[in-house]
Amino acid sequence: VASANAVSVLGHELSIGTGSILSAATGVFDVITANPPYVSSTLTDALLSGGSHEPRMALDGGLLGLDPYPALAEQAWVKLREGGVLIVEIGEEQGEAVTDIFKAADFDDVRVEADLAGQDRCVVGVKHA
């Protein structure tokens, strides 16, 4: 899907790797963004039984919806340049927990950003070695 979208949107193919979290990413980056699965398993079950067509793996972030964040923060730290930024989407109630995860992975200047509706939607952290 990503490959087809790249051709459709960008007009050319991109190099695409398959891995877990950032394991297939090569190089050093200035910015890493992610929209990991952040819905709790219970809410995922409700959404899927209610007719959602999203794949479970795109929604289900575990018991509290936080399972992907520790590995994502740790792997991003290794892949980012000094001063690089990690930005992740979150559920509106997860700002404090994801902020704590970023800080535990040594990110600085960690903050929660709201979406246009005023709901907490992203956590941002900066790598300072």
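**Exercise 1. Is Glu-113 buried, partly exposed or exposed, and what is its relative accessible area?**

Solution. 
- Start with the model: it is predicted, local features need pLDDT of at least 70, side-chain atom pairs count only at pLDDT 80 or more, and totals for chains, interfaces and linings use all residues. Residues are numbered from 1 along each chain as its sequence is written, and side-chain values use heavy atoms, with hydrogens and water left out.
- Apply the classes: buried means under 20% relative accessible area, exposed over 50%, partly exposed in between (1.4 Å probe, protein chains only).
- Glu-113 has a relative accessible area of 33%, so Glu-113 is partly exposed.

**Exercise 2. Describe the fold and overall size of the chain.**

Solution. 
- Count the elements: five helices and four strands. These are DSSP runs numbered from the N terminus (helices H or I, at least four residues; strands E, at least two).
- Read the order from the N terminus: α-β-α-α-α-β-α-β-β.
- Take the spans of the C-alpha trace along its principal axes: about 45 × 40 × 30 Å.
- Check the radius of gyration, taken over C-alpha atoms; the globule rule is 2.2 Å times the number of residues to the power 0.38. For 129 residues a compact globule would have a value near 14 Å, and the chain's 16 Å agrees.
- Note the burial: 33% of the 129 residues count as buried.

**Exercise 3. Work out which face of helix 5 is buried, and against what.**

Solution. 
- List the buried residues of helix 5 (residues 95-104): Gly-95, Val-98, Thr-99, Ile-101 and Phe-102.
- Look down the helix axis: these buried residues fall within an arc of 160°, so they line one face of helix 5. The arc is that of the directions from the helix axis to the C-beta atoms.
- Turn to the face away from the buried side: it carries the exposed residues Glu-96 and Ala-104.
- Find the packing partners of the buried residues: helix 4 (68-79), strand 2 (80-89), strand 3 (107-114) and strand 4 (120-127). Contact means heavy atoms within 4.5 Å.
- Step past the helix: Asp-106 follows helix 5 and has a positive phi, near 80°.

**Exercise 4. Locate Gly-65 and name its contacts.**

Solution. 
- Gly-65 is in the loop between helix 3 (56-59) and helix 4.
- Its relative accessibility is 0%, so Gly-65 counts as buried.
- Leave out residues up to four places away in sequence: Gly-65 touches Pro-37, Tyr-38, Val-39, Ser-40 and Gln-94.
- Gln-94 is 29 residues from Gly-65 along the chain, and their C-alpha atoms are separated by 8.3 Å.
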